[in-house]
Amino acid sequence: MIRINDIIDKVAEYQPQTDLDLIDRAYIYSARVHEGQVRLSGEPYLSHPLEVAGILSDMKLDITSVVAGLLHDVIEDTHASPEEVEELFGPEVLHIVSGVTKLSSLSFHSSRARQAESLRKMFLAMADDIRVILIKLADRLHNMRTLQFHKPSKRLEIARETLDIYAPISARLGIYWIKNELEESSFKYLQTDEYDRIHNLVDKSSGEREKFMETVKNLIKKKMEESNLKGEVLGRNKNYFSIYNKMVSQNLPFEEIYDIIAFRIILDSISQCYEALGLIHAMWKPIDHKFKDYIARPKPNMYQSLHTTVIGPSGERIEIQIRTWEMDRVAKSGIAAHWSYKEGRRIDENISEKFAWIQDLVENQENFRDPGEYLENVRIDLFQDEVYVFTPRGEIKTLPRGATAVDFAYMIHTEVGNQCTGAKVNGQLVPLAYKLKTGDIIEITTSKNHHPSKDWLKYVKTVKARSKIRHWIKTQEKERSITLGREMLEKAFRKEKLSFLNLMKSEQMVEVAADFGFKAVDDLIANVGYGKITPLQVVRKIVPKREAEAATVEESIFNKLIGRVGRKKKLKTGVLVKGVDDILIKFGKCCQPVPGDSIVGYITRGFGVTVHRTNCVNALRMNPERQIEVEWNREVGEVYPVKIRIISQDRVGLLADVVGNISKFGANILNATSEIRDNKMVDSFFTIGVEDISHLDKILSAVRKVKRVQDVKRVG
């Protein structure tokens with residue numbers, strides 16, 4: 001365990017003029033309020049805030065950050081109050097500590113809702129003061145280092161969130177050493193078998209690789225010396241997660257992954273970097289599409305470097321990065337390398353502009369209230385590999401890879417996106433679904449009478465474009481649903497000899513709407529039109545309850561609307577719909593949910609409720625107003641179809657072994673196809689019947705152990 005004196009010594013080295021006594025006071029306070037608490041490892045709880053503060057001091061952050069690191073859990077986990085923290089350490093420290101604090105004191109209907117709101121709160125605080133996320137990253141880093149003390153299910157949950165949220169945030173902030181460690185430790189827990197397999201493969205070839213590394217380094221050094229270039233040449237092994245991703249994305253066996261080693265050349269000036277690049281390309285043949293100039297065109301997180309891949313001395317691919325010492329410092333520390341918090345001053349404005357994506361992330365997400373939708377869109381926002389394009393005036397715009405002309409239109413302005421009718425790229429007309437490439441010059445044509453198309457949702461990449469399109473569609477659907485809902489309510493109220501049109505404007509109807517949880521009567525009417533509330537439910541709020549026979553007649557319109565099952569045809573299904581019985585249930589073929597998956601239902605007029613996984617792309621495109629709560633019915637034992645994809649090297653008996661491992665867990669194979677590629681890799685797709693997510697996980701784990709199988713994943 002790190003000692004407080006070690007932290008104070010580190011801070012004194014890079015910030016000697018600061019009040020170091022503040023760190024000591026924060027340590028004493030943290031020790032007092034955490035007294036008696038222990039971690040799952042058995043260590044005193046104080047070891048955790050100390051380690052977090054140690055990581056922050058390694059990043060050379062200001063004293064306020066280090067103090068907040070020591071206190072980051074006191075409000076959440078002890079009797080300490082916000083008022084006391086502010087009185088002792090000031091409003092700035094309290095602001096950061098509050099931003100890091102989760103929402104554990106509030107009540108949520110699901111852990112997913114809690115996670116979504118905690119992240120939303122963190123991002124809001126992060127947009128105001130970026131030190132919030134730096135402390136959160138240090139906190140997560142130490143938690144991942146001690147993850148082995150949690151229960152297996154909790155390990156998987158934390159590792160998944162780390163890989164989906166915190167690792168990409170580290171990358172977007174340019175703090176690659178944290179990103180790499182978070183990815184590696186998440187991979188270790190999420191796919192233990194694959195991690196161990198790659199570890200063993202790398203270990204076996206380590207001696208041979210070390211010799212190769214020295215050979216290449218010496219050849220580069222010799223070439224540089226001949227041209228009087230002084231610099232450092234380094235070689236390093238890529239991490240296991242990076243190797244695994246390359247094996248899967250390129251369908252390659254480990255033996256064909258040549259660039260497991262990456263080389264780095266560090267020099268004094270930018271001109272020397274380009275000179276070194278010329279020397280490397282003169283010595284070894286470059287692979288054109290692998291060259292990237294991040295010096296002339298830095299990444300949004302300020303990362304700068306020249307990247308090239310060449311055919312090396314023995315015909316293998318070699319990846320080389322060339323940068324200056326300053327660029328290397330930024331590459332290691334990201335935003336922390338540009339830190340400019342001083343006494344009472346905010347972060348440098350230029351740096352704030354570089355990280356405008358944080359504000360964009362907050363703004364893009366503010367309209368998403370559904371937890372599953374919010375979490376999925378945060379993940380999409382964070383996992384961005386960028387392309388750089390130009391407006392007709394020459395302004396550079398950054399978009400995620402795969403973004404289309406429609407995404408570009410919405411980036412310019414919401415109205416430009418809504419009224420977009422066509423696009424020109426480099427002077428040529430292109431379809432709106434055209435995927436932009438770095439260097440493209442885009443011109444958008446608009447028409448005032450034009451409106452967004454629902455089809456755009458099939459190919460837009462950015463969360464902003466999707467949210468604006470869905471908002472427009474939602475507005476249109478709401479108008480139609482209000483019309484339909486009004487007709488249904490008028491008919492239901494007429495049977496009671498009441499005028500719905502007169503009652504609609506009354507205070508009584510406002511109270512009825514409030515009873516259902518709506519602020520306005522129009523919202524109540526729209527939900528009747530959507531099929532989420534029956535006209536009878538509204539009538540019962542106004543007049544006394546009627547006989548059962550009459551109720552059946554009155555609800556006939558609703559039954560037709562949502563596709564309710566007749567009593568004679570009543571079937572037990574594996575899903576229960578909240579508040580409604582005997583509804584037609586079908587499962588989305590796009591995502592094939594099984595018990596254990598987080599699910600959501602969508603009302604389809606005349607066809608009942610379609611059940612999707614909460615992170616299903618198609619479900620995310622649907623109008624949230626049609627959403628209805630559903631849950632698995634554990635009393636019904638059904639078998640559910642799931643499609644899986646298996647990537648493997650070809651060999652005799654491969655499919656027999658795969659089929660055997662699936663069958664031994666009692667899963668029925670409903671469909672199977674297999675295709676051999678030119679590189680002797682095999683793509684196999686199986687549709688199997690499983691009982692629940694646990695059953696599926698056991699099958700996937702068993703198939704991964706089959707000889708020469710490289711990856712197994714669920715499709716959809």
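Which residues of the largest nonpolar core touch the most other members? Ile23, Val67, Leu71 and Phe89 do, in a core of 54 residues. Before I go on, this is a predicted model, where local features need pLDDT of at least 70 and side-chain atom pairs count only at pLDDT 80 or more, while totals for chains, interfaces and linings use all residues. Residues are numbered from 1 along each chain as its sequence is written, and side-chain values use heavy atoms, with hydrogens and water left out.

A nonpolar core here is a set of buried Ala, Val, Leu, Ile, Met, Phe, Trp, Tyr and Cys residues joined through side-chain atoms within 4.5 Å. Buried means under 20% relative accessible area, exposed means over 50%, and partly exposed is in between, with a 1.4 Å probe and protein chains only.

Back to the 54-residue core. Its largest share, 8 residues, comes from helix 9, residues 131–145. Helices are DSSP runs of H or I with at least four residues, strands are runs of E with at least two, and both are numbered from the N terminus. Isoleucine 23 touches Ile4, Ile8, Val11, Ile63, Val66, Val67 and Leu70, leaving aside residues up to four places away in sequence; contact means heavy atoms within 4.5 Å. There is also a second, separate core of 30 residues, and Val575, Val630, Val658 and Ile662 are among them.

Helix 9 also holds lysine 136. Is that lysine buried or exposed? Lysine 136 is buried, because its relative accessible area is 5%.

Next, helix 15, which runs over residues 270–283. Its 14 residues reach 20 Å from first C-alpha to last, close to the 20 Å expected at 1.5 Å a residue; the expected span is 1.5 Å times one less than the number of residues. Gln272, Cys273, Ala276, Leu277, Leu279 and Ile280 are its buried residues. Seen down the axis they fall within an arc of 165°, so they line one face of helix 15. The arc is that of the directions from the helix axis to the C-beta atoms. Ser271 and Ala282 are exposed on the other side of helix 15. Helix 13, strand 2, strand 5 and strand 6 are among what covers the buried residues.

Strand 6, residues 317–324, contains glutamine 321. This glutamine 321 counts as buried because its relative accessible area is 6%. Its side chain makes a polar contact of 3.2 Å with that of arginine 264. A polar contact is a pair of N or O atoms within 3.5 Å; within protein, one must be able to donate a hydrogen and the other to accept it, and residues adjacent in sequence count only if both atoms are side-chain atoms.

How many disulfides does a search of the whole structure find? The search finds 0, a disulfide being a pair of cysteine sulfur atoms within 2.5 Å. For cysteine 590, the nearest cysteine sulfur is that of cysteine 616, 3.5 Å away.

Last, the two loops. Asparagine 426, between strand 9 and strand 10, has a positive phi of about 55° although it is not a glycine. Arginine 708, between helix 31 and strand 21, has a positive phi near 75°. Asparagine 426 is partly exposed at 45%, and arginine 708 is partly exposed at 40% relative accessibility.
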